[in-house]
Amino acid sequence: MHTKKDHRFDNETAAQEFADRHKVDGVPPVDTYVRGPFFMDEAVMFKGIIAPQDAVAYWIVEIEIYN
């Protein structure tokens, strides 16, 4: 079975703490992959597609588990 979930955060500190909690000794446990945190800015990603006032900026941590 494979699951993947993206977790969103308002700031980098919260995202980094979450990512660190899901790693064991700085390395993810077997079959668990933690990626991030990554900064996502919809104003840049969707430039010209959505109105700037509708854009959201956030931090994301991806956790993928294979079992």
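I started with the pairing of strand 2 and strand 3: they run antiparallel and share 8 bridges. For my own record, two strands pair if DSSP finds at least two bridges between them. Helices (H or I, at least four residues) and strands (E, at least two) are DSSP runs, numbered from the N terminus.

Before going further, I noted the ground rules: this is a predicted model, where local features need pLDDT of at least 70 and side-chain atom pairs count only at pLDDT 80 or more, while totals for chains, interfaces and linings use all residues. Residues are numbered from 1 along each chain as its sequence is written, and side-chain values use heavy atoms, with hydrogens and water left out.

**The sheet**

I looked at the other pairing too: strand 1 and strand 3 (residues 57–66) are antiparallel and joined by 8 bridges. I wrote down two bridge partners here, Thr3 with Ile65 and Lys4 with Glu64.

What is the strand order of the open sheet? I read 1-3-2 for its 3 strands, with antiparallel pairing. Strand 1 (2–9) and strand 2 (32–41) are at the edges with a single partner strand each, so one side of each has no neighbour in the sheet. Neighbouring strands are turned against each other by 20 degrees on average, direction ignored.

Next I checked burial (buried is under 20% relative accessible area, exposed over 50%, partly exposed in between, with a 1.4 Å probe and protein chains only). Strand 3 has 7 of its 10 residues buried, so the rest of the structure largely encloses this strand.

**The whole chain**

I stepped back for the overall layout. I count 2 helices and 3 strands, and along the sequence they follow β-α-β-α-β. Of the 67 residues, 22% count as buried.

For surface, I use accessible areas from the Shrake-Rupley method with a 1.4 Å probe; for residues, only the protein chains shown count as cover. The accessible surface comes to about 4,900 Å², and carbon and sulfur atoms hold 54% of that.

For contacts, I take heavy atoms within 4.5 Å. Among contacts in the protein with a separation of 6 or more, 63% are between residues 24 or more positions apart.

**Helix 1**

I looked up where helix 1 (residues 12–21) sits: this helix lies across strand 1, strand 2 and strand 3, and runs at about 10 degrees to strand 3. My angles run from 0 to 180 degrees between N-to-C directions, with axes as lines fitted to C-alpha atoms, for helices over the stretch in contact.

I picked Thr13 in this helix. Is Thr13 buried or exposed? Thr13 is exposed, at a relative accessible area of 52%.

**Salt bridge**

I searched the whole structure for salt bridges (a side-chain nitrogen of Lys or Arg within 4 Å of a carboxyl oxygen of Asp or Glu), and found 1. The side chains are those of Arg35 and Glu64, at 2.7 Å, N to O. Arg35 belongs to strand 2 and Glu64 to strand 3, so the pair ties together parts that are 29 residues apart in sequence. I checked the cover on both ends: Arg35 is partly exposed at 33%, whereas Glu64 is buried at 9%.

**More on strand 2**

I flagged Pro37, which lies in strand 2. A cis peptide bond joins Gly36 to Pro37, with omega at about 15 degrees.

Then I turned to Phe39 in the strand. Phe39 is partly exposed, with a relative accessible area of 45%. Which residues does Phe39 contact, leaving aside neighbours within four places in sequence? I get Ala57, Tyr58 and Trp59. From Phe39 to Asn11 I get 9.0 Å, C-alpha to C-alpha, for residues 28 apart in sequence.

**Surface patch**

Last, I looked for patches, made of residues with over 30% relative accessible area and no salt bridge; like charges are joined within 9 Å, nonpolar side chains (Val, Leu, Ile, Met, Phe, Trp, Tyr) within 5 Å. Met45, Phe46 and Ile49 make a nonpolar one of about 300 Å². Met45 is in helix 2 (residues 42–45) and counts as partly exposed, at 39% relative accessibility.
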